[in-house]
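Trainee: I am new to this structure. Could you walk me through it, feature by feature?

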Number of protein chains: 4
Amino acid sequence: MEQIFKKIALVGKHNSTDINGNMLRLAEFLRRRDHEVVLSTHGGELCHLTDWPCAPLKDIAGQVDLAIVMGGDGTMLNIARALVDHRVPMIGVNQGRLGFLADVSVDTMFCTLEEMLAGDHVAEERIMLTCALERDGDLLFHTYAFNDAVVSKSTLGRLIEFEVYIDNKFVYSQRADGLVVASPTGSTAYALSAGGPILHPTLEAFVLAPICPHTLSARPIAINSRSEVEVNLIHADDARVHFDGQTHRDMKVGDRVIIQRARNTVRLLQPSGHNYYDTLRQKLHWGEKL
Amino acid sequence: MEQIFKKIALVGKHNSTDINGNMLRLAEFLRRRDHEVVLSTHGGELCHLTDWPCAPLKDIAGQVDLAIVMGGDGTMLNIARALVDHRVPMIGVNQGRLGFLADVSVDTMFCTLEEMLAGDHVAEERIMLTCALERDGDLLFHTYAFNDAVVSKSTLGRLIEFEVYIDNKFVYSQRADGLVVASPTGSTAYALSAGGPILHPTLEAFVLAPICPHTLSARPIAINSRSEVEVNLIHADDARVHFDGQTHRDMKVGDRVIIQRARNTVRLLQPSGHNYYDTLRQKLHWGEKL
Amino acid sequence: MEQIFKKIALVGKHNSTDINGNMLRLAEFLRRRDHEVVLSTHGGELCHLTDWPCAPLKDIAGQVDLAIVMGGDGTMLNIARALVDHRVPMIGVNQGRLGFLADVSVDTMFCTLEEMLAGDHVAEERIMLTCALERDGDLLFHTYAFNDAVVSKSTLGRLIEFEVYIDNKFVYSQRADGLVVASPTGSTAYALSAGGPILHPTLEAFVLAPICPHTLSARPIAINSRSEVEVNLIHADDARVHFDGQTHRDMKVGDRVIIQRARNTVRLLQPSGHNYYDTLRQKLHWGEKL
Amino acid sequence: MEQIFKKIALVGKHNSTDINGNMLRLAEFLRRRDHEVVLSTHGGELCHLTDWPCAPLKDIAGQVDLAIVMGGDGTMLNIARALVDHRVPMIGVNQGRLGFLADVSVDTMFCTLEEMLAGDHVAEERIMLTCALERDGDLLFHTYAFNDAVVSKSTLGRLIEFEVYIDNKFVYSQRADGLVVASPTGSTAYALSAGGPILHPTLEAFVLAPICPHTLSARPIAINSRSEVEVNLIHADDARVHFDGQTHRDMKVGDRVIIQRARNTVRLLQPSGHNYYDTLRQKLHWGEKL
């Protein structure tokens, strides 16, 4: 049987035995359907557990046609950053709790995946952020962020002052706990808690949502994802920039965080009946039909 | 002298003598620079005041190369709806208070317009909404809206219940005072008071912002402007739909309001140094550089 | 058997046959326990349905020791205003959906009421608002409001301008859809939808919550209930003041609405295990223990 | 001349030479009016600068009839905690920027203070919080807080989970960046940035305002200041509790922060024409009369 996705990476979370059992069953299932299967974790930690071909994700990212990720949205963020430059499509299998990104349930994964692998899926192209931290004109750090880059106060818990420029135009200076710059994917994560709007995944936009701003008239703004955002730290006892809530770097006064849209998008495959608004309603406890 | 904008409509607000004085001075200024000038109001009311060529806007919209509108943002909304199908670019001259749309000051209009008419301007393409009110499958009313369509409670002041569908997918049902569906242009108007985000004018998006929603987890959402929004009135003692806050229609239970992006955009000309964020800061009293 | 509550008014909603069946069963239950029972509706409409003593509420309010109200929170508001000057304690029996005021379930009312009538209850004293509408120095209308007085735009749907004074001190002028002035009881009703905080019922406070304010820095404020609030209509095409969402009066520019705390409080009896925070969590869908 | 305030402590900020010059002029002014004057800083640091009687605040707090504090609201918080148990009234002299607490301007202080010291003032009694941090049943730390106690995430920047109990009744569990528990005085500080309401200083209330809550239906609640608030840390990578943004302690999972109203209030003296709403309008940039 000729397959669309010949070689598939099965990616799990480090040290999660629940996932591992499901991974091995899924690997077996895929092999029976003539897919070539490689197991992986982000760092390759579980390779000793199994006789299956197994490799760190970075070593195989360029060779696979699809990644099936077992875990929650946090795992998906992590894997998406690793795969984006290889343009490998992803499917997320959640371990019981519906995710915004991992929306195939482990309970029904065999029948859902059978349909999806046969071509019955929809592909979403999601914006990835590329973020740079600069000090005195030097690049200190560079990373992708799928959800958000967050400049915020750090250990001491005192508010920080920063300026925002968009496409080199001054936007505002602000005293606040911080600022979230989020992709549409990240708009339902931390940005939402900070009072930001939901951005539909197809919007080519970023949202800037201040965290506990001192100025009462501050409001979230959604801008074009072709724009470049610069956050310039003006005053702070200490401050940090967080990326996807998974890595961070300390910032000094004068440091600049530059956020742009990455060249490549994340390709997210979803069951063909997938309805973003259904997920919103379930996750956010919005009202059903009256 | 060959002009880019050969024939220019000078449009004022009905019965505004302040504006009329400025209009006549501006007409003279334009004629001296070899532009052909026609005066107009939306309905043609001031034609008796002057010896200048004068006509209702609808009669000349197809014949002019540019409209210069004297008034505030409210007048601009009105004129934009009248001009959008003729693709006539617009310049807004505010009468003292900076507008989001009317951002040439009457105080400096001669020098600013001289530069703009010579080609030193930027052109923005702004999304227009096209809105239909349907009852029992019949089209009751159709109109453009540049800012927003607002379904809301009416005279009795009791909350209404409605369902929202986007691209025929059920989004949510809600009990609220109403719902604002706004263009990026309208995002800084009523939608902002209702808690919606600011959408940069270049975003191809609508924002849906509930007004005083009964469900505490309701949040504004920005969606793709290629989508079709349907608001279906489920229960209400009385309800209305407002367009740009300038016209409205009564609604009955079962009525549907359909909102889409109009085929044509509004072409807004602005001075070449124009900075949207400067306008935001001034209008919303955001902080300057610290 | 000597009873604390010798004579009890059983109050139902007009024309509600569901309630009437429960009312007659409850009347029988109370008579067996040696309470004297009078049936009533707000206007006395169901007196022809039964052989029980029956009278309009206003005629018996001064003679009973307790009112048991069958209905939802809306009915409780209505009855509370009628009883407050007679200091008659109230118990609310909800018809299936938990209310903030009507928190005895009809499903368990016999055992719950047996305990409560035997003295096993807690009594809450709730603040009532007394509201006056004045024009040119004349009193146009006076009423109680248990939840809130709301000055708002009316039919035309355009924002209104008003000034607020507290204890004759100027607080702010505002352009908005309106202003909610609520008691702690009303803080979980319309004021909450407008963005106001929850006020615990024991707080001797009012909350002022603007509705869709034009000024982005507007915020809700809670003030001492000994204060007098004046809302002065400065500019409006049309405007209204609503009381408990149940009655309203049209307002003209220059009209003043004066809101104070009523001399008497509403006495609300609740089961002794009653926990306000449990009700909040259930009604507002707040998280349970993790 | 017999004075109401015989002995006055003049309290300045450590190492602030601007303040010191004004302090000495003010000391001279007071001595000429037959007040006994003692200079102080919180720690007594500036005693070497002058020949005036000078002592650490803690040594003289029990002996003075009034404290005049030169500095901003931050200094006032600090001094208020030191004075509250001695019931010494305070006057705050701001150094140029109007404060909520320091509302006498240094520019007009001589004439304003002359009137106030002669009895022409109003005295406000402000609620102080008393806060305890408990671990395994032991008291780890105890302090006053005039503005607020804030349980929040710490260095790692990940959200924390906590439970709130009021008077030993379970209120809610929440995943959030943190929780602000503020006095009316603190309601215009950090709690306001977090979305809390303004509480008039005379309200006997606390406000609980969640910071970036994960649950979208979370709302601020104002409760009676006779209540005891307990915040129980359920899950966190790391967390802290901050008091007035000036001191903090690290928290471990299982730690409890207990917040109550202190027995004594802060006595704040203000010029007799003082209008709290004027200060609100100026500080929050609310609209003036239209």
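Trainee: Let me start with one residue. Is A:Asp136 buried or exposed?

Mentor: Keep in mind that this is a predicted model. To judge a residue, look at its relative accessible area; over 50% counts as exposed. A:Asp136 has 74%, so A:Asp136 is exposed.

Trainee: Where is A:Asp136 in chain A?

Mentor: Look for the elements on either side. A:Asp136 sits in the loop between β7 (129-135) and β8 (138-145) of chain A. Check its backbone too. A:Asp136 is not a glycine, yet its phi is positive, about 50°.

Trainee: Which value does phi take in C:Cys212?

Mentor: Phi of C:Cys212 is near 45°. That is a positive value, and C:Cys212 is a residue other than glycine. C:Cys212 lies in a loop of chain C, between β14 (205-211) and β15 (221-224).

Trainee: Is C:Cys212 buried or exposed?

Mentor: Under 20% relative accessible area counts as buried. C:Cys212 has 7%, so C:Cys212 is buried.

Trainee: Now A:His35. Where is A:His35, and what is A:His35 in contact with?

Mentor: Begin with the place. A:His35 is in the loop between α1 (17-32) and β2 (36-41) of chain A. Its relative accessible area is 4%, so A:His35 is buried. Then list the contacts, leaving aside neighbours within four places in sequence. They are A:Gln3, A:Phe5, A:Lys6, A:Ile8, A:Leu30 and A:Leu117.

Trainee: Let me try chain C again. Which loop holds C:Asn147?

Mentor: C:Asn147 is in the loop between β8 (138-145) and β9 (148-153) of chain C. At 11% relative accessibility, C:Asn147 counts as buried. Beyond four places in sequence, its contacts include C:Leu77, C:Leu129, C:Val181 and C:Asp244. C:Ser183, C:Thr185 and C:Gly186 are also among them.

Trainee: Let us step back to a whole chain. How many helices and strands has chain A?

Mentor: Chain A has six helices and 20 strands. Next, take its extent. Along the principal axes, the C-alpha trace of chain A spans about 60 × 50 × 30 Å. For 290 residues, a compact globule would have a radius of gyration near 19 Å. Chain A has 20 Å, which agrees.

Trainee: What share of the residues of chain A is buried?

Mentor: Of its 290 residues, 62% count as buried. The accessible surface of chain A is about 11100 Å². Carbon and sulfur atoms account for 46% of that surface. Now look at contacts with a separation of 6 or more in chain A. Residues 24 or more positions apart make up 65% of these.

Trainee: How are two copies of a chain related?

Mentor: By a rotation about an axis and a shift along it. Take chain D and chain C. A rotation of 180° with 0.0 Å of shift superposes chain D on chain C, with an RMSD of 0.0 Å. That is the relation of a two-fold axis.

Trainee: Which residue of chain D comes closest to the rotation axis?

Mentor: D:Pro197 does, with its C-alpha at 3.1 Å.

Conventions:
Residues numbered from 1 in each chain as written. Chains lettered and ligands numbered in written order. Predicted model: local features only at pLDDT ≥ 70, side-chain atom pairs only at ≥ 80, totals over all residues. Heavy atoms only, no water. Least-squares fit on C-alpha atoms with pLDDT ≥ 70 in both. Helix = DSSP H or I, 4+ residues; strand = E, 2+ residues; numbered from the N terminus. Buried < 20%, exposed > 50% of the residue type's maximum accessible area, 1.4 Å probe, protein only. Contact = heavy atoms within 4.5 Å. Rg over C-alpha atoms; globule rule 2.2 N^0.38 Å. Areas by Shrake-Rupley, 256 points an atom, 1.4 Å probe, with all protein chains shown as cover.
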